[in-house]
Amino acid sequence: MSATVQTLEAMERPPVTMTSRLEGELLEVSMGPQHPSTHGVFRMNVALEGEIVRKLKPVFGYLHRNHEQIGEHTTYLGSMPYTDRLDYFCSMTNNWAYALSVEKLAAIEVPERAQYLRVILAELTRLQNHASLLGFLLSDMGAWGTPLMYAFREREKILDLFESLSGARMMCDYMRFGGCRVDASDEWLAAAKKIVDRFPKFLDEFGELILGNEIVIARTQNVGRLSADLAVSAGITGPMLRACGVNYDVRKVDGYGFYPRFKFRIPLGEHGDTYDRLMMRALEMRESVEILKQALALIQPGPILNSKVKIRAFRPPVGEAYGRIEAPKGELGFYLISDGGPNPYRYRVRPPSFINLTILEDMCLGHVVADVMVILGSVDIVMGEVDR
Amino acid sequence: MSEIDEKLRTELQRQGIWVTSMQELYNWGRKNSIWPLQFGLACCAIEMIATAASRYDIARFGGEVFRPSPRQADLMIVAGTVTKKMAPQIVRLYNQMADPKYVIAMGACAISGGPFKQGYNVLKGIDRYIPVDVYIPGCPPRPEALLHAFMELQRKIDGQKLTGTDKAEFLKPEQLSEFPVPKFGEHDLEPPANRDVFQPPKLERV
Amino acid sequence: MELLEQIKARIESSVPGAKTDIVPNGTPSQQHSLLIDNAHALAVAHFLRDDPTLRLDFCSNVTGVDWLDRVVKKTIKIKTVVDGFEKEVDQTTEEKIPGYLEAVYHLYSMAHKHGPVIIRMRTEGRAKCAPLPSLTPVWRSAEFQEREIFDLYGIRFDGHPDLRRILMWDEFEDYPMRKDYVQPDDFEWEPTPHDEVLARAKQHYTARPELDGAEKITSHSDVATPDK
């Protein structure tokens, strides 16, 4: 081993030039469904030449629990708790996307305080989702434990907020058509403000721990590059799309909720590699903190639920609606067809992490098998949403 | 290896002499080093990770060594919805674990299918194919509930006898430690349940 | 963004032979959709993606819908002369619509940041593996979603690069999201059976009239329901 310190430029190696000693001989490996780094029960059938990935086919369905069919058999309100279990890290944003679609379907107005509460909870969700993701990603790279412990320490604080508001840590079931279920007390808002104010300190600490780390840079820069054209064509959304430099954030494009009232920036990447995807999450958390500060300052007392909405025996008019929001994983949409009955005729979820996996093979080809886990980790999937 | 008289033992302990039996020593070691299989299925897996993470810290009970390989694991925490597509893999993983092995069914889905019971691809409880030691209700159960289940399991291990007619099941040579893996059928898993393990509850009316 | 009528007119002038229909949507969401014919679907999709003013480069959501045979009742008021007086009389006409499967695509533009334009395609009947043209060559994001429709609804997408079951296992034969799918009966005791579950519970139930008197399983749905 030479003692010279390598510069970061020298460490950026294009992995495609690596040659295999087992040329032409392919080894088929099934990774998953039980695998510590597949983020659940995801499976990939990989054909390897030596250590280099030549073919990769994802296999889904190990957590296909028929969310859509159950949604067609229950009432509109009855599906709300089920949406919690789609992307089980982000129950609040799932609730919001579903509530938004039904509100589109039946033209329901949402009171001002509820809109602010929704923004606050969605951004808190984004904070805890991105923090946990960075922890998991580092775990995939072999940093067992430590970064995840830091991330989960922060996550628990936010979960405490969710719990004191909605009664559940993860499955909040908080939003309703035309508002929210329970009001936040002044003490709750003060506690949220305290956590939000302290969050940048955690981000500094966490960023110092991982983002400048040489091993992280060596494992992520130039790994799993994705071009902007392919990303757009493959319907990639969320931080993964913006890491390719495409400026598309549903919060800005659709301006749903009260997002047009807040000042925030959309971080954009340049290279579309794993490092950029990682940085997108780190930067988005900073912007979320900004939104949260503004929202917590602007929120005023008022009603939280549109009193004209029928909670029971709710029957929207015949027709259909597609509503979407910017969930932490990407564009989360709900497509509902109503036949005038108490339950939807068709209930469809547009799952961002499922569609973001479309180009997994394209990103992994030519990389060594250890990079597959890092690339998969940077996609940010949750199986509850992938398989539904 | 007979049981020591409880009074005699406390008397000896008072005088600084620690007397134990082989069985107690063995169970003490086993119950404080339960290695769970690192294996999550759904939402409950996140609570399982939270249990292992900083705040709840399952290491206090000797259970922090999550093993990715079933060969090294003592405990399978079935954390989440078991789908019909996943059920054969779970039985296979269970078969690969070395005896003595234990199963915690974590959450409503692993117990009975839970909220997703009506789903066509959802197995209505993992106990249709493998025996379960501890059931924890909840959707998902809180980390404290998982810790409680863990302590219940420790209590169970502590009570297992090594000899005699009432010795632990896994020590009996005739006891099965492998279970048939269900096959993918055209409409359902075949068979839909292992009748040796699972007896459906009878419909009872009061 | 252009109105749907304008888009329809431009499709019909740009893609020769293409037939499109506007499917109106009665809800306040006002998301009307375009029904395109299967023969020209690929050309229409290319036009929608590449047209400089539309540039619908982002296919967000692809999904299937199963429509069973249904009867649509229309009531029209007709003026007729009854006993010398002119009266308004309701006349009900029944229209039978045979069942079909539908694929719905929600298109947005990332370049111009507008949308959605919704296009739909319909199969002829509800046969097993009813064909539709695949739009995956135009939008890559349709790849897994069309596979999912094939898996759950049984629409065969011609031209799809890799059409296999995606969520269910390969040996599976049914299409579980179809409205007439019947689940395998793995019933077990449930505390509050209702609707279909109650019907299934009754099949597994042996009558004990000497103990219970009347043969009945009570459930919450038998008790008065204020909601319904």
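Visitor: What scores does the model have?

Guide: Keep in mind that this is a predicted model. Its ipTM is 0.85 and its pTM is 0.87.

Visitor: Which elements of chain C have the lowest and the highest mean pLDDT?

Guide: Start with the general idea. Where pLDDT is low, predicted coordinates should not be read in detail. Now the case here. Chain C has a mean pLDDT of 82, and 86% of its residues reach 70 or more. Among the elements of chain C, the lowest mean, 57, belongs to helix α5 (residues 209–212), and the highest, 92, to strand β6 (residues 100–109).

Visitor: Where in chain C does pLDDT stay under 50?

Guide: Over residues 219–228 of chain C. For that stretch the model has eleven contacts beyond four places in sequence.

Visitor: Next, domains. Which domains does the assignment give for chain A?

Guide: The assignment gives domain 1 (22–59) and domain 2 (67–386) of chain A. Their C-alpha centres lie 29 Å apart. In the contact between them, 14 residues of domain 1 of chain A meet 19 residues of domain 2 of chain A.

Visitor: Which strand gives the most to the domain 1 side of that contact in chain A?

Guide: On that side, β2 (43–49) and β3 (52–59) of chain A each supply at least two residues. β3(A) gives the most, with five residues. By class, the domain 1 side has eight nonpolar, four polar and two charged residues.

Visitor: Now helices. At roughly what angle do the axes of α5 and α6 of chain A cross?

Guide: A pair of helices can be described by the distance and the angle between axes. The axes of α5(A) (residues 112–140) and α6(A) (residues 146–166) come within 8 Å and cross at roughly 160°. An angle over 145 degrees counts as roughly antiparallel, so α5(A) is roughly antiparallel to α6(A). The crossing of the two is left-handed.

Visitor: Which residues make the contact of α5(A) with α6(A)?

Guide: From α5(A), they include A:Leu124, A:Leu127, A:Ala131 and A:Phe136. From α6(A), they include A:Leu148, A:Phe152, A:Ile158 and A:Leu161. The contact as a whole divides into 13 nonpolar, four polar and two charged residues.

Visitor: At roughly what angle do α3 and α6 of chain B cross?

Guide: The axes of α3(B) (residues 43–52) and α6(B) (residues 143–158) cross at roughly 75° and come within 9 Å. That angle makes α3(B) roughly perpendicular to α6(B). On the α3(B) side the contact is made by B:Glu47, B:Met48, B:Ala50 and B:Thr51, and on the α6(B) side by B:Pro143, B:Leu146 and B:Leu147. Five of these residues are nonpolar, one is polar and one is charged.

Visitor: Last, the chains. How many residues of chain B are in contact with chain A?

Guide: There are 29 residues of chain B in contact with 28 residues of chain A. On the chain B side, α3 and α4 (87–96) each supply at least two residues. α3(B) gives the most, with four residues. The chain B side divides into 17 nonpolar, nine polar and three charged residues.

Visitor: And which element of chain C gives the most to the side that touches chain A?

Guide: The contact joins 28 residues of chain C to 37 residues of chain A. β3 (58–67) and α3 (142–153) of chain C each supply at least two residues of the chain C side. β3(C) gives the most, with six residues. That side has 13 nonpolar, ten polar and five charged residues.

Key. Residues numbered from 1 in each chain as written. Chains lettered and ligands numbered in written order. Predicted model: local features only at pLDDT ≥ 70, side-chain atom pairs only at ≥ 80, totals over all residues. Contact = placed C-beta atoms within 7 Å. Nonpolar A, V, L, I, M, F, W, Y, C, P; charged D, E, K, R; others polar. Axes fitted to C-alpha atoms, helices over the stretch in contact; angles between N-to-C directions. Parallel < 35°, antiparallel > 145°, perpendicular 65-115°, else oblique. Domains from an automatic or database assignment. pLDDT = per-residue confidence, 0-100. Left-handed = near helix turned anticlockwise from the far one by under 90°.
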